[in-house]
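Thanks for coming, everyone. Let me put the structure up, and then I'll walk through it piece by piece.

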Amino acid sequence: MKLDENSIQEHNQQFKSKHQLSFDFISNTVPNVNRVLDKLIDFQIAVPSWALGSGGTRFGRFPGGGEPRNLEEKIEDVGLLHRLNSSSGAISLHIPWDVPKDYGSIKELAKEHGLRFDAMNSNTFQDQDGQEHSYKFGSLQHVDKAIRKQAIDHTIEVINHGIELGSKSLTVWLADGSSFPGQLNFRNAFQNTLEGLSEIYTVLPDDWKIFVEYKAYEPNFYSTTVGDWGKSLLLANKLGPKAYTLVDLGHHLPNANIEQIVSTLLMEGKLGGFHFNDSKYGDDDLTTGSIKPYQLFLIFNELIEGMDELNMNHASDLGWMIDASHNVKDPLEDLLQSVEAIMIAYAQALLVDTKILKEAQLNNDVTKAQEILQGAFRTDVRPLVAEARMRAGGAFDPITLFRSLKVRDELVKERGYKTVATGL
Ligand code: LRH
Ligand code: MN
């Protein structure tokens with residue numbers, strides 16, 4: 001479904017005076033507001049191709065209708081999100097859920113929607129029809145060399161799809177691990193995994209990055225071979241300069257201090273990117289910022305402090321991706337909310353006066369340091385995010401416009417109610 005050009009202008013006109021009031025108020029309090037606006041306009045978040053349909057759990061899945069039936073319709077849906085919020089200018093594909101049949105037409109379609117292809121994702125956690133060997137007991141860790149080879153060959157195939165599409169990175173998440181004590185030799189599993197990743201690393205183009213995504217548990221419930229940031233960092237260090245760690249916010253044990261993990265990985269120059277989502281218990285894949293918005297702000301505070309220390313470009317030097325699943329909400333509305341929450345956390349963190357914060361830290365003035373951070377977090381930066389969005393051609397309020405244009409109804413009319421998108 002293509003948005004007609006005027007609908008966004010008419011919508012923004014409707015909210016112009018209301019917005020101007022709140023924007024004037026905050027831009028009078030923010031030093032160098034144009035610096036903040038420029039950074040927000042540059043900041044693009046990749047949308048996962050596997051989260052454009054309704055997700056589910058083992059207990060059930062409740063499709064909402066109008067789901068994309070193929071890669072072309074997935075690109076159209078991400079294009080629509082990007083048209084509404086001007087901050088979703090990339091799509092991250094998962095293979096084999098989204099194998100491009102014709103690279104040329106897929107690239108053309110993505111270009112039409114102003115989208116680039118972000119990290120490619122391999123899948124050695126499911127058995128595909130006709131697959132020779134099963135990944136039941138793992139993939140790169142597997143005790144059987146033939147199964148490890150099958151996983152390596154698949155991952156190289158994913159890189160080749162990415163090269164054709166112009167992607168520059170690969171995310172490897174391995175479900176590998178064990179569910180009972182005694183089931184696995186941890187050392188052999190880790191060394192097999194390193195051996196497999198090393199072979200994949202040798203075929204990675206020089207201008208590519210490989211992101212090693214760690215996860216504490218699920219689908220294995222006793223050990224996960226790449227189960228925490230330490231193991232991911234070990235692998236990234238052993239693999240070489242093109243290898244980095246990837247932080248999926250939902251992949252930590254309860255109460256983990258993720259902002260400190262981010263600070264450490266950034267300091268080591270081995271932080272590759274993020275899978276943004278939120279969670280209360282496990283890998284719940286909920287809307288970003290919906291459960292722990294202060295943690296998201298603290299993560300961006302560490303990111304800006306660490307990236308500026310290393311003169312990194314906020315928009316392009318790390319992989320910014322969403323990884324969520326939508327069990328009870330419209331997938332597109334949920335993704336619009338996630339992007340908004342990320343932009344708000346980034347904007348709030350840009351308001352932190354790092355100079356006076358450093359002074360307070362050097363004076364062990366704990367209260368002052370806390371007041372500086374909470375002052376930024378308690379600042380309503382939504383007018384800044386909206387202004388940046390509209391300056392980039394987007395809508396004042398993407399969800400309100402999404403609803404007033406009855407986008408979901410149009411998609412159901414176009415695609416039917418029973419369509420099921422590939423993915424989780
Ligand atoms: C694993 C994960 C990984 C994806 C999958 C869809 O939990 O976060 O990033 O491959 O979700
Ligand atoms: Mn993930």
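**From the strands to the metal site**

Start with a strand pairing: M120 has L170 as its bridge partner in β7. Keep in mind that this is a predicted model. M120's strand is β6, residues 120-121, and β6 and β7 pair in the parallel sense. There are 2 bridges between them.

Now stay on β7, residues 169-173. How many of its residues are buried? 5 of the 5, so β7 is largely enclosed by the rest of the structure. Look at which way they point. S169, T171 and W173 go one way. L170 and V172 go the other way. W173 also turns up among the residues surrounding ligand 1.

The residues around ligand 1 include W50, H94, F125, K215, D283 and L424. E213, D248, H251, H275 and D323 are also part of that surround. Now the polar contacts. An oxygen atom of ligand 1 sits 2.6 Å from a side-chain N or O atom of E213. For D248, the corresponding distance from a ligand 1 oxygen is 3.0 Å. H251 places a polar side-chain atom 3.1 Å from an oxygen of ligand 1. How much of ligand 1 does the protein bury? Alone, ligand 1 exposes 300 Å², and the protein buries 96% of that.

Next, ligand 2, the manganese ion. Which residues coordinate the manganese ion? E213 through OE, D248 through OD, H275 through ND1 and D323 through OD. The distances are 2.1 to 2.2 Å. The manganese ion has 6 donor atoms, with angles of 72 to 169 degrees among them. The site is octahedral. For reference, ideal angles for six octahedral donors are 90 or 180 degrees. Along the sequence, the donor residues of the manganese ion follow the spacing E-x34-D-x26-H-x47-D.

Follow H275 into the next strand. H275 stands opposite M321 in β13. β12 and β13 run parallel, joined by 4 bridges. In β13, residues 319-322, G319 and M321 point one way. W320 and I322 point the other way, and all are buried.

Last stop, two helices. E333 is in helix α10, residues 331-350. E333 has a relative accessible area of 13%, under the 20% cut-off, so E333 is buried. T400 is 67 residues from E333 along the chain, and their C-alpha atoms are separated by 9.6 Å.

Then L234, in helix α7, residues 229-239. Here the relative accessible area is 43%, so L234 is partly exposed. Between L234 and T245 the C-alpha separation is 9.3 Å, and those residues are 11 apart along the chain.

To close, go back to E213. E213 coordinates the manganese ion, and the side chain of E213 has an N or O atom 2.6 Å from an oxygen of ligand 1. D248 is a manganese donor as well, with its own 3.0 Å approach to a ligand 1 oxygen. Questions, please.

Terms used:
Residues numbered from 1 in each chain as written. Chains lettered and ligands numbered in written order. Predicted model: local features only at pLDDT ≥ 70, side-chain atom pairs only at ≥ 80, totals over all residues. Heavy atoms only, no water. Donors = N, O, S within 2.8 Å, 3.2 Å for Na, K, Ca; no water. Tetrahedral: all angles 85-135°; square planar, octahedral: opposite > 155°, others 65-115°. Near = heavy atom within 4 Å. Polar contact = N/O pair within 3.5 Å; in protein donor to acceptor, adjacent residues only side chain to side chain. Areas by Shrake-Rupley, 256 points an atom, 1.4 Å probe, with all protein chains shown as cover. Buried < 20%, exposed > 50% of the residue type's maximum accessible area, 1.4 Å probe, protein only. Pairing = 2+ DSSP bridges.
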